[in-house]
Structures are given as C-alpha cells and as structure tokens.
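Today I wanted to look up charged side-chain pairs.

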Amino acid sequence: SFVGGGLENCAKCLVVTIAGGQRNTGSANYATIGGGFCNRVSGCLSTIAGGYVNCITTQCSFIGGGCLNLITGGTSVIGGGTENSVSGAGHNTMGGGCRNFIGGNASYAYIGGGLCNVTNAGSGTTGQTIVGGLCNTVNGAYSSIVGGFKNTASGDFSFIGGGCLNKSFSQQSAVVAGSNNNATGPCSFIGSGAVNYTLGIAANVVGGCYNNNCSRASIIGAGEFNNLESNHEDSAIVAGYNNRIGGDGTSCKGNFIGGAYNSSICNSGCSSILGGFQHSINGPTRATILGGDCNCICGAACNSVIVSGWCNKINGGCSAFIGSGYNNIISSTGCQSAILGGWNNTLNHNFSFIIGAGLTSTDTLTTYANSVTVDQHLQVGGTTSMTTTTGRIDATNDVVAFATSDRRLKCNIK
C-alpha cells in the first residue's frame with residue numbers, strides 16, 4: 001500500500017493508494033483515494049479522486065469529487081455534486097447535481113444532474129435516464145426524463161421531455177412538455193399544454209388544455225375541454241372548445257370535428273363537423289355539418305349534409321341536404337330530399353325540393369318555391385327540350401287556368 005502524504009490518512013488493506021488529503025481511509029484491496037477530506041473506500045478496485053466525506057462501499061466504482069456522495073451499488077460512477085447516492089444493482093452513472101438518487105434494483109441507470117431526481121426501480125429494471133431538472137422520478141425500465149420539475153415516468157419505455165408535474169404511466173407513452181399532463185394509455189402521446197389526458201391505446205393529444213382522449217389510435221390537436229370517448233377509434237378533434245365524440249359505448253369509428261365550439265358527434269361513424277357553434281350529429285353514419293350555428297343531424301339520416309345556417313335539422317331523412325337558412329327541417333320521410341335555403345321550411349316527403357320560406361311539402365317528387373322567375377324557356381312535361389325560344393312556355397298536356405277558382409270564372413258549365 002501507499003500513502004503519499006497528508007494528515008491522518010489510513011490504508012488498511014493490500015495495494016491501497018492514498019495520494020494525500022486528510023482523514024481519508026482505504027479499507028479494501030486495490031482501493032484508491034486521490035485526496036480530499038474524510039473520504040472512505042471499502043470496496044475493492046474502487047476510487048475516490050477527491051472531495052469531502054464521499055464514500056464507496058462496493059467494488060469497481062468511482063467518485064470524482066464533491067461532498068457527501070455515496071455508492072453502494074457495484075460498478076457505478078458519481079462524477080461530483082452533493083449528497084448524491086447510487087445503490088442499485090450496478091453499472092449506474094450519476095454526473096453530479098444535488099441529492100439525486102439511483103436506487104431500488106436499477107442497473108445501467110443514469111442521472112446527469114439536477115436536484116432530488118430519483119430512479120427507483122423494481123426488480124430487474126434497467127436503462128433508466130434522467131438528464132437533469134428538479135424532483136423528477138423514473139420507475140419504468142428503459143424510460144427517460146430530460147428535465148423539468150416533478151415529472152414521473154412509470155411505464156416501461158416511456159419518455160418525458162420537460163415541463164412540470166407530467167406523468168407517463170403506461171408503456172411506450174410520452175409527454176414532451178407542458179404541465180399536469182397524463183399519458184396513461186399504452187403507446188399514447190401528449191405534445192404539450194396543460195391537464196391533458198390520454199387513456200386509449202395509441203391515443204394522442206398534441207396540445208391545448210383539459211383535453212381528454214380515451215379512444216384508440218385517435219387524436220386531439222388542440223383547444224380546450226375537448227373529449228374523445230372510448231370505442232371511437234380512428235377519430236379526430238382538431239381544435240375548438242368543449243367538443244365531444246362519444247356515445248353509449250357502441251363502437252363507432254372515423255369521426256371528425258375540425259374546429260367547432262360546444263359541438264358533438266354521438267353514436268355515429270365516419271361523420272364530420274367542420275366548424276361552427278353547438279352542432280350535433282347523433283346516430284347516423286357518414287353525416288356532415290360544415291358550419292353555421294346550432295345545426296343538427298339525427299336518427300337514421302345517413303349520408304346527409306347541412307352546409308351552413310342556423311337551427312337547421314335533418315331528422316332521419318337519409319341522403320338529405322340543407323344548404324343554409326334558418327329553422328329548416330327535413331323529417332324521417334324526407335329521404336334524398338333537399339332544402340336549398342330560406343327559413344321555416346319543412347320537408348316531409350321523399351325526392352322533393354324546397355326553395356323559399358315558410359313552405360311545407362305535401363307530396364313526393366315535387367319542388368316547392370314561393371315565386372319562380374324563368375329567364376328563358378319554360379317547359380312542362382317531357383325530358384327533351386321542345387324549344388330554346390326566350391319567354392316561351394311549352395306543355396305536353398293542357399294548361400288549365402283558374403283550376404281552383406270559383407264557378408263564376410268558368411265557362412261552358414253544364
């Protein structure tokens with residue numbers, strides 16, 4: 001053994017080297033202390049380069065400097081810092097910082113620096129990483145936290161980039177940044193924002209706040225208080241406020257809300273609301289509302305469309321269409337019918353059409369309008385044009401004037 005100098009240094013075993021310092025103790029074979037004060041090595045082939053009150057109790061480990069650092073897990077390294085501790089299964093590394101801890105049964109774990117960061121693994125957990133930050137915790141195998149404050153990565157192969165109070169609970173889940181975000185579903189992702197949740201498998205929330213995605217392979221882009229419920233996989237809410245895709249638990253796929261406010265798609269599949277305020281699609285598949293305010297498609301109104309307007313409703317008529325206007329209604333008996341616009345129109349018959357205001361259908365295969373102006377030629381009957389003369393009216397049968405008038409306006413009454 002060798003003691004190069006210093007004061008009150010002690011080499012207690014074979015081939016111990018103490019270069020200098022004061023009150024340093026080497027009590028294992030091939031232990032080395034470079035200098036410093038009150039450093040102790042009791043693990044063979046271990047080294048403390050310097051510092052103050054550092055301690056190694058296991059083999060093949062190294063402390064570079066700092067003070068009050070401790071290694072009790074084999075083949076580990078602490079570069080420096082204060083009150084750092086490594087007690088895992090072995091092959092762990094800590095760069096520095098203060099009061100960081102690698103514990104449990106961790107192996108091949110790494111903490112770069114920061115304050116009060118912890119890898120606290122269960123049996124057989126390996127490959128954990130904390131780069132820096134404050135009070136971060138990694139419990140999952142092969143999981144990482146880059147930085148931030150009080151973030152927790154519990155799932156195996158999980159990741160947190162930064163921010164504060166973020167949690168990745170499930171395997172292969174990730175939170176990049178933000179605050180109070182929770183990635184709970186396996187393979188789920190939260191980009192940023194605050195108080196966002198992903199509970200579905202491969203569910204995603206890119207940003208915003210108070211968004212909740214419980215459905216598999218679905219996404220919420222941004223906005224606030226948007227909710228994508230379970231069993232509605234492959235669906236999307238791009239943005240907006242308090243939008244909902246959900247229902248009674250029936251599996252429905254492929255729904256889309258673009259950027260609406262307080263709108264919902266329930267018990268439907270492959271339906272879309274592009275934008276607007278307080279729209280509702282409840283029941284039909286492949287229904288679409290493009291915009292406007294308080295429009296509704298419900299019942300069995302599959303393949304139906306409302307383009308815009310206010311308080312328009314398609315109530316069960318499949319392949320029906322409302323272009324715009326106010327308080328227009330197509331009922332369940334108005335399949336493949338359309339209201340172009342206007343207000344207070346009601347369409348109750350199949351294959352019919354309304355243009356105007358205050359009109360109600362009375363028959364199928366009929367077009368209703370308040371007034372009609374024909375710029376060129378009007379033909380009644382037949383599908384082949386009889387003429388192109390401007391201002392001319394052609395009919396393939398009789399034209400009856402005053403058909404519903406009283407007796408005084410008729411001739412040849414017998």
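I began with Lys 253, which forms a salt bridge with Glu 233, the closest N and O atoms being 3.9 Å apart. This pair links distant parts of the chain, 20 residues apart: Lys 253 is in the loop between strand E32 (244–246) and strand E33 (256–257), and Glu 233 is in the loop between strand E30 (227–228) and strand E31 (236–237). I used the term salt bridge for a side-chain nitrogen of Lys or Arg within 4 Å of a carboxyl oxygen of Asp or Glu. Strands (E, at least two residues) are DSSP runs, numbered from the N terminus.

A note on the source: this is a predicted model, where local features need pLDDT of at least 70 and side-chain atom pairs count only at pLDDT 80 or more, while totals for chains, interfaces and linings use all residues. Residues are numbered from 1 along each chain as its sequence is written, and side-chain values use heavy atoms, with hydrogens and water left out.

Next I checked accessibility, with buried meaning under 20% relative accessible area, exposed over 50% and partly exposed in between (1.4 Å probe, protein chains only). Glu 233 is buried at 10%, and Lys 253 is partly exposed at 42%.

I then looked up Asp 394 and Arg 392, whose side chains meet in a salt bridge at 2.8 Å, N to O. Asp 394 counts as buried at 7% relative accessibility, and Arg 392 as partly exposed at 40%. I also noted that salt bridges with shared partners join Arg 216, Glu 233 and Lys 253 into one network.

Last, I searched the whole structure and found 6 salt bridges.

Notes: Helices (H or I, at least four residues) and strands (E, at least two) are DSSP runs, numbered from the N terminus.
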